[in-house]
Amino acid sequence: MAELLRIAMDDAEGEGQLVVEVEDDEPGMVRASRVGNRMHEATVSLEEALAPIRRAAETTLRTFQAARPSTVELEFGVKLNASAGAVLTKAGVEGHIVVRLGWTTKDSGA
């Protein structure tokens with residue numbers, strides 16, 4: 001049965017929460033209330049959890065921009081975890097990052 005994970009958001013007002021559904025066997029779950037014994041508190045804020053994913057995206061983007069494509073698309077599968085924060089999900093047995101590069105050619109006007 002899935003559990004609920006409450007993650008604080010570091011917004012301007014110091015308020016805000018995101019509730020996500022996680023598997024009940026996730027490590028780091030801490031009981032926060034008795035609401036069906038399903039609500040847990042995350043140990044980090046959403047911004048803290050996503051910071052490593054953002055840095056990975058920036059690094060990946062810089063790497064592929066070196067090929068000078070017209071467009072770059074990055075797709076990360078991200079899973080939120082009570083103790084690890086944000087984790088790249090797996091596709092098969094590998095980490096999930098999809099990269100799409102595109103090049104456009106200028107028409108000669110003929």
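With which residue does Glu 41 form a salt bridge, and how far apart are the closest N and O atoms?

Guide: The model shown here is a predicted one. Glu 41 forms its salt bridge with Arg 6, and the closest N and O atoms of the two are 2.6 Å apart. Glu 41 belongs to strand β3 (residues 39-41) and Arg 6 to strand β1 (residues 2-8), so this pair ties together parts that are 35 residues apart in sequence. Glu 41 counts as partly exposed, because its relative accessibility is 31%, a value between the limits of 20% and 50%. As a general principle, side chains of opposite charge can pair when their charged atoms come close.

The structure holds four salt bridges. Another of them joins the side chains of Arg 54 and Glu 58, at 3.3 Å from N to O. Both residues lie in helix α1, and because they are four residues apart there, about one helical turn separates them. Arg 54 has a relative accessibility of 46% and is therefore classed as partly exposed. Glu 58, at 37%, also counts as partly exposed.

A further salt bridge is formed by the side chains of Glu 75 and Arg 100, at 3.6 Å from N to O. This pair links distant parts of the chain, for Glu 75 is in strand β4 (residues 71-76) and Arg 100 is in strand β9, 25 residues apart. Salt bridges that share partners join Glu 73, Glu 75 and Arg 100 into one network. Glu 75 is partly exposed, with a relative accessible area of 33%, and Arg 100 is partly exposed at 42%.

Strand β9 (residues 97-102) also contains Ile 97. Leaving aside residues up to four places away in sequence, Ile 97 touches Glu 75, Phe 76 and Leu 88. Between the C-alpha atoms of Ile 97 and Val 78, which are 19 residues apart along the chain, the separation is 9.5 Å.

Finally, a word on confidence. The mean pLDDT of the protein chain is 76, and 71% of its residues reach 70 or more. Confidence is highest in helix α1 (residues 46-65), at 89, and lowest in strand β8 (residues 94-95), at a mean of 59. Where pLDDT is low, the predicted coordinates should not be read in detail.

Definitions and conventions. Residues are numbered from 1 along each chain as its sequence is written. This is a predicted model: local features need pLDDT of at least 70, side-chain atom pairs count only at pLDDT 80 or more; totals for chains, interfaces and linings use all residues. Side-chain values use heavy atoms; hydrogens and water are left out. pLDDT is the predictor's confidence in each residue, from 0 to 100. Helices (H or I, at least four residues) and strands (E, at least two) are DSSP runs, numbered from the N terminus. Contact means heavy atoms within 4.5 Å. Buried means under 20% relative accessible area, exposed over 50%, partly exposed in between (1.4 Å probe, protein chains only).
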